[in-house]
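Let us look at one protein chain together. Keep the model open while we talk.

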Amino acid sequence: MSDLAALATEAASCTRCRLAEGRTQVVFGTGHPSADLLFLGEGPGADEDVAGLPFVGRSGKLLDRMMAEEMGLTRADCYIANMVKCRPPGNRDPRPDEMATCRPWLDAQLEHIDPRVVVTLGNVATRTLLGRPEGITRLRGQAYPWDGRVVVPTYHPSAALRGTLGAMAAMRADLVRAKQALERATSVTIRSRGG
Ligand code: URA
């Protein structure tokens, strides 16, 4: 069993926070175990809670489509995870203490997968990961060096589905930005690995 799979098995019985009480199952994450690109959402919704996989509902379908159209990638090429691994009740945002308690799982995922680029989806993931108070509208539109990686914030696909003005176009532009960051990061890695 790979380290990441062992971690997922361990996480499956986690009871570190109150979200464990209402979940059907832990939604650890899915995708390539050493992906260069990781998408980070906030937390599983009802569909994800049942499926045990992140972004399988309407938001996920949109994410898949945009990933294919703007980056030429499928979810098998990247990794998809959330700030919290269990569904917050009533689809509320995860609370800061829940995200803090769940954070070691995310940190371990980042360590094992070691992605070059992290695309944060929406306010919650972006603010929390970057430790910034501004909203997504302010923070998106650029790439941020973060912990030896690059963070590219964009809107949550649910904002685009709700018809938030400009969100769809902004997401597309951000995914192109992420692709460029990925190309830069991986070509540097290949050059430096090759000496
Ligand atoms: N929204 C999220 O932030 N994550 C999911 O997995 C699904 C919807």
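This is a predicted model: local features need pLDDT of at least 70, side-chain atom pairs count only at pLDDT 80 or more; totals for chains, interfaces and linings use all residues.

Mentor: Residues are numbered from 1 along each chain as its sequence is written.

Trainee: How many helices and strands are in the protein chain?

Mentor: Helices (H or I, at least four residues) and strands (E, at least two) are DSSP runs, numbered from the N terminus. By that count, the protein chain has nine helices and six strands.

Trainee: What is the radius of gyration of the protein chain?

Mentor: The radius is taken over C-alpha atoms, and the globule rule is 2.2 Å times the number of residues to the power 0.38. For 195 residues the rule gives 16 Å; the chain is close to that, so it is as compact as a globular protein of that length. Its radius of gyration is 16 Å.

Trainee: Which residue stands opposite Asn82 in β3?

Mentor: Two strands pair if DSSP finds at least two bridges between them. Strand β2 (residues 37–41) pairs with β3 in the parallel sense, over four bridges. Opposite Asn82 stands Gly41.

Trainee: Are the residues of strand β3 (residues 79–82) buried or exposed?

Mentor: Buried takes 20 or more other C-beta atoms within 10 Å of a residue's own, exposed 12 or fewer, and partly exposed lies in between, with C-beta atoms placed from the backbone. Tyr79 and Ala81 point one way, Ile80 and Asn82 the other. All are buried.
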